[in-house]
Structures are given as structure tokens and as C-alpha cells.
Amino acid sequence: MSGRTAVIQAAPTVQNAVAWLIVNGEEFSLEPGKHSFGRRTDNDIVISDPYVSGKHGEIEVDDSGVYLTDTGSSNGTVLNDAKIAQNQKTQLQKDDVIKLGEKVITIRFKE
């Protein structure tokens, strides 16, 4: 060892997640901004289920909270056993349960 400090190849990242979407045990961090979800691979969150639309919906995170919107899916989005209206922005809470097709999705907020 020469006593010199090695150059860092990549700057450390700071995670700004305020919540995590949990799909089949896999966690997706939700940082400020919009996150698309659906079956297609060009979504931010890909959900493999034949009843989930290619572009099913969107989750938006801002200073006032975390919001779920169904952007016109074929089979709909269920939040706490109630189907939400298409294109209606709905704020998510701590114990909410989202159902897309046969997938049950939960949300974990930063404490």
C-alpha cells in the first residue's frame, strides 16, 4: 500500500425514497416524481400478470404524499377492496392494499 487514497469509481448515491411498493416480496423504492407500472418492460415497475395492463397506472410521490392513479387499465385497480375510478388520483395510506389482477401489492412508508 502506498498510503494514497484510491479514486472512487462512482460517487455514492443517496436514496431519497419516501416509500416502497412491495410486489411479491420485491421492493420498489418510490422517490419524488412519477413512476409508471404495468406489464410492459418499459414501465418503471414491471408487474408480470396477464390481468395487468401494459401501462396500467402511475404512482406519484410529492411533498404532500404518495398517490395512485389507474391510467385506463382494462381490468381496473382495487384499493382496499374498492375499485378506483380511472384517472382519479388517490392518496395512499400506511396500511393500504392494492390489487392488480391476481397480485396483492402493499406500500411501506419511510419512518
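Residues are numbered from 1 along each chain as its sequence is written, and side-chain values use heavy atoms, with hydrogens and water left out. In this predicted model, local features need pLDDT of at least 70, side-chain atom pairs count only at pLDDT 80 or more, and totals for chains, interfaces and linings use all residues.

**The sheet**

6 strands form an open sheet, in the order E2-E1-E11-E10-E7-E8. Their pairing is antiparallel. Strand E2 (26-30) and strand E8 (82-83) are the edge strands, each pairing on one side only. E7 (residues 78-79) and E8 pair over 2 bridges, in the antiparallel sense. Val 78 has Lys 83 in E8 as its bridge partner. Strands here are DSSP runs (E, at least two residues), numbered from the N terminus; two of them pair if DSSP finds at least two bridges between them.

**Charges over rings**

A charge sits over a ring if NZ of Lys or CZ of Arg is within 6 Å of the ring centre and within 35 degrees of the ring normal.

| Charged residue | Ring | Distance from ring centre |
|---|---|---|
| Lys 89 | Tyr 67 | 4.7 Å |
| Arg 108 | Trp 20 | 4.3 Å |

**The cavity**

A cavity is a set of points on a 1 Å grid over the protein atoms alone where a 1.4 Å probe fits but cannot get out. Its volume is the space filled by probe spheres set on the points, which are joined across faces, edges and corners. The count is 1 cavity of 30 Å³ or more. About 40 Å³ of space lies in the largest cavity. Its lining residues (an atom within 4 Å of a point) include Leu 21, Phe 37 and Ile 105.

Definitions and conventions. Helix = DSSP H or I, 4+ residues; strand = E, 2+ residues; numbered from the N terminus. 1 Å grid on protein atoms, 1.4 Å probe; cavity = no way out; pocket = protein on both sides within 12 Å on 5 of 7 lines; lining within 4 Å.
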